[in-house]
Amino acid sequence: METIAGIILFVTFFFLLLFGAPIAIAIILSSVFTFLFVLPFDVAILTSAQRMVTGIDNFTMLAIPLFVLSGIIMNNGGIAFRLVNFAKVLVGKLPGSLAHTNAVGNMLFGSISGSSVASAAAMGRIMTPMQTNQGYKLTYSAAVNIASAPTGLIIPPSSVLIVYSLVSGGTSVAALFMAGYIPGILWGLAVMVVAYFMAKKENYPVSKLPSAKDTFYIIVSAIPSLLLIVIVIGGIVAGIFTATEGAAVAVIYSVILSIIYKNFKLKDLPAIFIETIEITGMILFLITASALFSLVMSYMKLPEAISSALLSITDNQYGIILIIIFILLLVGTFMDITPAVLIFTPIFLPVAQSFGMDPIHFGMLICFGLCIGNMTPPVGSALFVGCSVAKVKIEEVVPTLLPYFGVVILVLLLVAFVPQISLFLPQLFGL
Amino acid sequence: MNKVKQVLDKVLIVFSSLLLVSMVVMSTWQVLSRYVFNISSPGTEELIRYMLIWFGLMSAAYVFGAKKHIGILFIREKFSPKVQLQIEFITDVIVLLTAAILMVYGGIRIVMLTSAQTAAATGLSMGVVYSAILVSGICIIIYQIHSLTSYKERKREVIL
């Protein structure tokens, strides 16, 4: 019975997926078909329709549209430029300084804009001409930009982590946010290590550091943008407000900042709203679809079936984690992060918890693993955007990207097997 | 049909934007009222949650119209343009049927079942909350009909 239900669920799902149906529709239909197999028509339809409404009925979920909205408002040249200058002050002394500036810029701007695509586009637009001027190869500068762009998805505030919090049954957003810092920064540092050696080999110049007076000015002018992170994350972690309220505060703050910076025009408002509606309409519909999916899965006891199948291959927990990593990397290459987190968390989290893995630690593993797909063909969105802003072909960049890909996977293995990387900060803050 | 889509787009954008702004203001108000005025308002959070349901389902409907729901397209794109168009047509029909049966039929049933229930803090009828899925389903059907009627033209483009 469970086997047949499982087969119906996955066959329908993959069939619809392969033919390019919207992923949310593939999830919904495969779930409804599986329900129809065990329940009368009316009950199946009624239960499913109800689940699609209750699936969004969650105050925490509001944090997603609000963080997306504030990210879009903050996504303007002025703020990106200020953060680039700030990054230059931090890492300008290393060989290939502009590449490091790009990586740190992505870590800062990516976390504020909450989108690897927005970050890769903004950083690429500013950094590529500068790097070309100093004689950097286009493939080199594009590869650094692409490899570091996904860090902003893990460094908080992060919508992916909120999605994980929801689908994992309410893991604390504050704890996940704190947990995201070390893995996200390690990713960025790993990229910088590779960029360092490549720059040494190519003898790329070290840029001149700005004067002390300029440095002071640069730091002061970056503070208002960085303050957003301090207020929002600080407020959430200190328990002053919930993640959702923090996101609302982020919206208000970014509006005020944009007005002060004179980046905010009333005629931009419709475009800002439309972009927010397009992104969040897609995400929320996926979430509600996956709420139905996980209901069907647990009704059919599928996670238990899958975990016993996995355990029959090996009962060694490290072996299982390696299998999970392999699947995450594979899935990440062809599926976007949000749907993949929504689909695979209910499948793998129970397995991981069965050998005592902390849900926060597992959240880092799954989000980090899937984010790597952002920089790989055939569908990596950071890869596409990074190539298009640098005006290089994807196949030209891929060879240069390979070493980055390698070190990021090494970091993923560290995150997977050293729980402290994820759990140290949340425990330090008592979350 | 193009006219209908344009009007529906506008209505959904304006409605969703208004909900979004209200949710921002109300959530900020919640923080302020708690710390500055020392009052807690359980009704606000409940209301925001219901607004989020409407926002989510209305913006999801809009995204169907804009054809921006993500799917895995790189396999489909391997086929010839003519076959791609046929697959797209079938996908559109599938979405239409899902909206009609699950969201409209299922939506009507669930609204009828719940219209007598009221929400705990605000006293709002749950039927109002659940009708979001019904309205969203109707919007999606309109978008899918619009998309399906445009295939004749697109087929001609492919042949040319």
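This is a predicted model: local features need pLDDT of at least 70, side-chain atom pairs count only at pLDDT 80 or more; totals for chains, interfaces and linings use all residues.
Residues are numbered from 1 along each chain as its sequence is written, chains are lettered from A and ligands numbered from 1 in the order in which they are written, and side-chain values use heavy atoms, with hydrogens and water left out.

Reader: How many helices and strands are there in chain A?
Author: Helices (H or I, at least four residues) and strands (E, at least two) are DSSP runs, numbered from the N terminus. By this rule, the count for chain A is 21 helices and 0 strands.

Reader: What is the radius of gyration of chain A, and why does it agree with that of a compact globule?
Author: The radius of gyration is taken over C-alpha atoms, and the globule rule is 2.2 Å times the number of residues to the power 0.38. The C-alpha trace of chain A spans about 75 × 45 × 45 Å along its principal axes. For 431 residues the rule gives a value near 22 Å, and the two agree because chain A has 22 Å.

Reader: What is the radius of gyration of chain B?
Author: Chain B follows the pattern α-α-α-α-α along its sequence, and its C-alpha atoms fill a box of roughly 70 × 35 × 30 Å along the principal axes. A compact globule of 160 residues would come near 15 Å, but the value for chain B is 20 Å.

Reader: Which percentage of the residues in chain A is buried?
Author: Buried means under 20% relative accessible area, exposed over 50%, and partly exposed in between (1.4 Å probe, protein chains only). In chain B, 49% of the 160 residues count as buried. For the 431 residues of chain A, the share of buried residues is 61%.

Reader: Which residues does Y140(A) contact, leaving aside its neighbours within four places in sequence?
Author: Contact means heavy atoms within 4.5 Å. With those neighbours set aside, the partners of Y140(A) are A99(A), A195(A), M198(A), A199(A), Y204(A), T400(A) and Y404(A).

Reader: What share of the contacts in chain A with a separation of 6 or more comes from residues 24 or more positions apart?
Author: The corresponding share in chain B is 76%. In chain A, residues 24 or more positions apart account for 81%.

Reader: Is N203(A) buried or exposed?
Author: N203(A) is placed in the loop between α11 and α12 (212-237) of chain A. Its phi is near 55 degrees, a positive value in a residue other than glycine. The relative accessibility of N203(A) is 66%, and therefore this residue counts as exposed.

Reader: What is the relative accessible area of K391(A)?
Author: K391(A) is not a glycine, yet it has a positive phi of about 55 degrees. The loop between α19 and α20 (394-417) of chain A holds K391(A). This residue is exposed, and its relative accessible area is 71%.

Reader: Which residues does R154(B) touch, not counting residues up to four places away in sequence?
Author: R154(B) lies in helix α5 (residues 151-159) of chain B. It counts as partly exposed because its relative accessibility is 26%. Without residues up to four places away, R154(B) touches L85(B) and E88(B).
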